[in-house]
Amino acid sequence: METKMTKPVAMLNKKAGVEKDESSDLIYGIDDTPDIVTTTVLGFQNVITSFGGLVAVPLVIAGMAGFGVTDTAYLVSAALLVSGIVSIIQSKGIGPKFFRVGAGLPTIMGTDFAFVGPAASVIATGGIAAYFGGTMLASLLELGMSYFIKPLMKFFPPVVTGSVIALMGMTLMSVAMEWAAGGLGSATYGAPLNLAIAVIVFLIIVLINHYAGKKFAPLAVLLGAAIGYFICIPLGMVDFQQVRDASWFALPQLFKYGISFKLEYALPFLTGYLVTIIETVGVMQTLGQVTKTELKDEDIAAGVRADAVGSWIGPLFGSGPTATFSQNAGLIPMTRNASRKVAIAAGFIMILMSLFPKFATLVSIMPMPVLGGAGLLMFGNVAAAGIQSLSRVKFNNRNMLIVAGALAVGLGVSFRPEVTAGLPAFLGGLFSSGISAGTIVALLLNIILKEQQETVEIQEAV
């Protein structure tokens with residue numbers, strides 16, 4: 001069942017202390033349907049900008065499990081398959097109101113690093129089957145909590161959501177810079193050539209987005225990445241041997257590595273799901289902001305529910321738990337495309353890529369500086385959306401403290417994640433991510449700091 005979103009952001013209630021938003025400059029709104037060629041190309045653009053995140057976690061998990069090339073390739077294909085399926089569910093929204101799964105917003109789903117830490121200990125104890133079984137059992141926590149999102153949303157006023165959205169973009173900047181430098185561990189990390197490629201891609205995207213008009217502006221990221229990719233080929237920055245080694249066709253398999261259901265394997269992942277809930281609420285609010293859509297509490301709850309359902313589907317095919325990706329939130333305001341049909345098309349493209357490993361590999365070998373040049377703009381757009389949201393909040397002393405506290409702790413943890421390593425396991429998990437740490441601080445300060453009535457003294461003229 002396709003969900004119809006509620007009112008545009010411009011209709012936000014004045015009682016929330018937020019001014020009216022300006023008219024949307026989106027080329028494609030959330031319910032628009034571009035022609036089939038445009039939809040396909042824009043969908044592929046969504047996949048490219050998220051591809052690094054889509055394949056990173058399965059590569060790490062494969063290393064933990066001691067997998068060889070064949071099994072590692074299968075985990076990557078499984079991750080693409082599940083990401084495609086759950087992206088379609090999240091973007092479309094299915095089921096009756098109370099049980100609805102998916103917010104109906106244009107969303108890309110994928111595996112999340114929040115589960116990598118506990119995965120190491122679980123795989124060491126019970127193998128890859130324990131990892132799959134543990135994440136499936138623990139996902140029931142997220143599924144249950146999705147039905148309590150509505151009462152929790154009163155703790156997310158505009159000052160909190162604006163802080164979270166801004167923080168989300170800011171914390172991702174370091175990731176984009178690492179990509180621009182060539183990727184951590186690269187022998188050419190920080191080389192002038194890497195930075196030059198990133199700058200070229202950055203400028204191409206900016207110029208196309210600003211000057212190309214409505215026909216090509218939504219394709220700015222894809223065109224910039226494609227040009228950057230081709231520039232890198234004669235420079236020897238692309239190794240096609242991996243493409244030659246990849247198989248042409250591969251079918252998914254159910255229970256390929258088995259699933260072990262034990263409570264002891266599920267417990268380490270509970271904190272990861274709490275972090276995912278916090279981050280997904282933030283991403284949903286960001287998507288509402290950039291798509292010019294006012295979300296109801298049940299829409300956000302359905303979005304969280306899609307994470308949980310995806311985390312149950314994933315291990316069946318040999319993939320990990322899924323979460324809502326924030327990269328797509330930065331792509332929407334840059335390309336001015338908010339069509340959910342495009343995100344659904346991206347889901348089908350990921351499914352096809354999972355069946356044809358050669359094609360997936362061709363995308364996966366894209367040089368990191370190319371992604372870095374695009375990532376800087378995308379994540380900067382997320383931060384700008386948060387600042388735009390905060391600009392409509394009245395900056396009294398209370399709100400200033402909430403914003404300052406959230407940004408300080410969130411960015412601090414993002415810059416120096418090792419400072420939380422000595423915390424007890426539960427707290428360490430909650431504060432392991434800059435986004436979740438900053439969100440928790442914003443929520444706590446919003447509760448602790450009570451609104452003060454401003455008193456105005458009226459002096460009569462003598």
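How many salt bridges does the count come to in this protein chain? The count comes to 3 salt bridges. Keep in mind as you read that this is a predicted model.

## The overall picture

Let's start with the whole chain. The protein chain holds 20 helices and 2 strands. Its C-alpha trace spans about 90 × 55 × 45 Å along the principal axes. For 462 residues, a compact globule would have a radius of gyration near 23 Å, and the protein chain agrees with that, coming in at 22 Å.

Now look at who touches whom: among contacts with a separation of 6 or more, 85% are between residues 24 or more positions apart.

Charges come next. There are 27 positive and 26 negative side chains in the protein chain, and the centres of the two sets lie 6 Å apart.

## The salt bridges

Here are the pairs side by side.

| Salt bridge | Closest N and O distance |
|---|---|
| Asp 31 and Arg 340 | 2.4 Å |
| Arg 100 and Asp 299 | 2.6 Å |

Take the pair of Asp 31 and Arg 340, with its closest N and O atoms 2.4 Å apart. Asp 31 sits in the segment before α1 (36-65), while Arg 340 belongs to helix α15 (residues 340-355), so this pair ties together parts that are 309 residues apart in sequence. The two partners have their own surroundings. Asp 31 is partly exposed, with a relative accessible area of 36%, whereas Arg 340 is buried at 0%.

Then there's Arg 100 with Asp 299, where the closest N and O atoms are 2.6 Å apart. Which parts of the chain does this pair tie together? Arg 100 is in the loop between α2 (69-92) and β1 (109-111), and Asp 299 is in helix α13 (residues 297-317), so the parts being tied together are 199 residues apart in sequence. Arg 100 is buried, with a relative accessible area of 8%, and Asp 299 is buried too, at 4%.

## Helix α14, mostly covered

Is helix α14 mostly covered or mostly open? Helix α14 (residues 327-335) is mostly covered, as 8 of its 9 residues are buried. Among them are Gln 327, Asn 328, Gly 330, Leu 331 and Met 334. Just after α14, Arg 336 takes a positive phi of about 60°.

## Other positive phi angles

Phe 255 has a phi near 55°, a positive value in a residue other than glycine. Where is Phe 255 found? You'll find Phe 255 in the loop between α10 (241-245) and α11 (263-266). Phe 255 is partly exposed, with a relative accessible area of 49%. The cut-off for exposed is over 50%, so Phe 255 stays in the partly exposed group.

Lys 292 isn't a glycine either, yet it has a positive phi of about 60°. Lys 292 lies in the loop between α12 (270-290) and α13. Is Lys 292 buried or exposed? At 18% relative accessibility, Lys 292 counts as buried, because the cut-off for buried is under 20%.

Let's finish with a pair of loop residues. Phe 67 is found in the loop between α1 and α2. Which residues does Phe 67 touch, leaving out those up to four places away in sequence? Phe 67 touches Ala 62, Thr 72, Leu 75, Ile 128 and Tyr 257. Ile 128 is 61 residues from Phe 67 along the chain, and their C-alpha atoms are separated by 9.9 Å.

Tyr 147 is in the loop between α4 (128-145) and α5 (149-152). Tyr 147 is partly exposed, with a relative accessible area of 30%. Not counting residues up to four places away in sequence, Tyr 147 touches Phe 98, Phe 99 and Arg 305. Tyr 147 and Leu 267, by contrast, are 21 Å apart in space from C-alpha to C-alpha, and 120 residues apart in sequence.

Key
Residues are numbered from 1 along each chain as its sequence is written. This is a predicted model: local features need pLDDT of at least 70, side-chain atom pairs count only at pLDDT 80 or more; totals for chains, interfaces and linings use all residues. Side-chain values use heavy atoms; hydrogens and water are left out. A salt bridge is a side-chain nitrogen of Lys or Arg within 4 Å of a carboxyl oxygen of Asp or Glu. Helices (H or I, at least four residues) and strands (E, at least two) are DSSP runs, numbered from the N terminus. Buried means under 20% relative accessible area, exposed over 50%, partly exposed in between (1.4 Å probe, protein chains only). The radius of gyration is taken over C-alpha atoms; the globule rule is 2.2 Å times the number of residues to the power 0.38. Contact means heavy atoms within 4.5 Å. Lys and Arg count as positive and Asp and Glu as negative; His and the chain ends are not counted. The place of a charge is taken as NZ of Lys, CZ of Arg, CG of Asp or CD of Glu.
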